[in-house]
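Biologist: I would like to learn how to read a structure. Can you take me through one, feature by feature?

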Amino acid sequence: MALTAVCSAKRSPGATVTALAFTLSWARRVILAECDPAGGDIAAGFLREVPLADRGLARLGAALRRRRLAEDLWNQLVDLAPANGTALTRLVLPGLIEPAQARTWADQYDSREPSGWEQLAQLFRSLESGTSGYDVIADCGRLTAPYPPTPLLAAADVVLLVARPDLPSIRAAAVALPGLQRTATGPVGLVLVGDGAYSSAECAAQLHVPVVATLPHDPGAAAVLSNGGEHHRGRLLRAAARAEAPVWRLVTAGRAAGDERAAAQVEARGVRSVG
């Protein structure tokens, strides 16, 4: 299982809709975690008809001081498909109610312990070795927001930068990518949303990162994922489903490269100790 971080440079290319489309269409068991420091959108949008009882990242913040993050996480998750007979295969952790709450996750209450974002990143990574077997898709929002979830980007098996294939969005992505690549330990891929002046090949060549997925302009499906309503497996969700395989190829390649780096470091330490 893997941790996938979804983010955007600036503007509004549709990172949350992209993350939600992946969650609803991928075959694997998925937890969508809304970690946008600017605040979550799913509770007031896609889940607006669902009684949430204040569940979500804002309520989970209280678990940091009690050191109960791992235990309390499961009480804050919402089933995205409660009526389809599946056994909790698609869950969501609704996001913050207001941007000021992001400071809770960026601060360190105890200098001996990691920040809230770091603890959350460790928890999401630990789900891989547990019996639950969930992937986590973390919607990290815009990279320019205050109190960003940088540890989630650093811990992710793959980081997906969402952009539109037009000049303003690609230019913003080009500015953001160097910093993002310094932060991320896993590979970075591009998700293109909607129509624009540039092809996938042109965007990949300009930004020097692979295009992992292209999602079509589908206003009806995007409106449902943004504002709620009955969703059908239309063009957007079909394209999102096709993205699962290339995302996993990038995860696999990144893990192989990480194993090679780790082996080289061990070998280098052994040579130094012998010398």
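Biologist: Which residue stands opposite Val 92 in S4?

Modeller: Val 78 stands opposite Val 92. First, some ground rules. This is a predicted model, where local features need pLDDT of at least 70 and side-chain atom pairs count only at pLDDT 80 or more, while totals for chains, interfaces and linings use all residues. Residues are numbered from 1 along each chain as its sequence is written, and side-chain values use heavy atoms, with hydrogens and water left out.

Biologist: What makes two strands a pair?

Modeller: DSSP must find at least two bridges between them. Strands (E, at least two residues) and helices (H or I, at least four) are DSSP runs, numbered from the N terminus. Here, strand S3 (residues 78–79) and S4 run antiparallel and are joined by two bridges. Strand S2 (residues 30–34) pairs with S4 in the parallel sense, over four bridges. Arg 90 in S4 is the bridge partner of Val 30.

Biologist: Which way do the residues of S4 point, and are they buried or exposed?

Modeller: Buried means under 20% relative accessible area, exposed over 50%, and partly exposed in between (1.4 Å probe, protein chains only). In strand S4 (residues 90–93), Arg 90 and Val 92 point one way. Leu 91 and Leu 93 point the other way. All four are buried. Over the chain of 275 residues, 48% count as buried.

Biologist: How is Gly 220 classed?

Modeller: Gly 220 has a relative accessible area of 46%, so the residue is partly exposed. Gly 220 lies in helix H10 (residues 219–227). His 232 is twelve residues from Gly 220 along the chain, and their C-alpha atoms are separated by 9.9 Å.

Biologist: How are two packed helices described?

Modeller: By the angle between their axes and the distance between the axes. Axes are lines fitted to C-alpha atoms, for helices over the stretch in contact, and angles run from 0 to 180 degrees between N-to-C directions. Take helix H1 (residues 15–25) and helix H11 (residues 235–242): the angle is about 75°, and the axes are 8 Å apart. H1 and H11 are therefore roughly perpendicular (65 to 115 degrees).

Biologist: Which residues of H1 and H11 make the contact?

Modeller: Contact means heavy atoms within 4.5 Å. H1 brings Val 17, Ala 21, Phe 22, Leu 24 and Ser 25. H11 brings Leu 236, Leu 237, Ala 240 and Ala 241.

Biologist: And how many helices and strands does the chain have?

Modeller: Twelve helices and eight strands.

Terms used: Angles under 35 degrees count as roughly parallel, over 145 as roughly antiparallel, 65 to 115 as roughly perpendicular and the rest as oblique.
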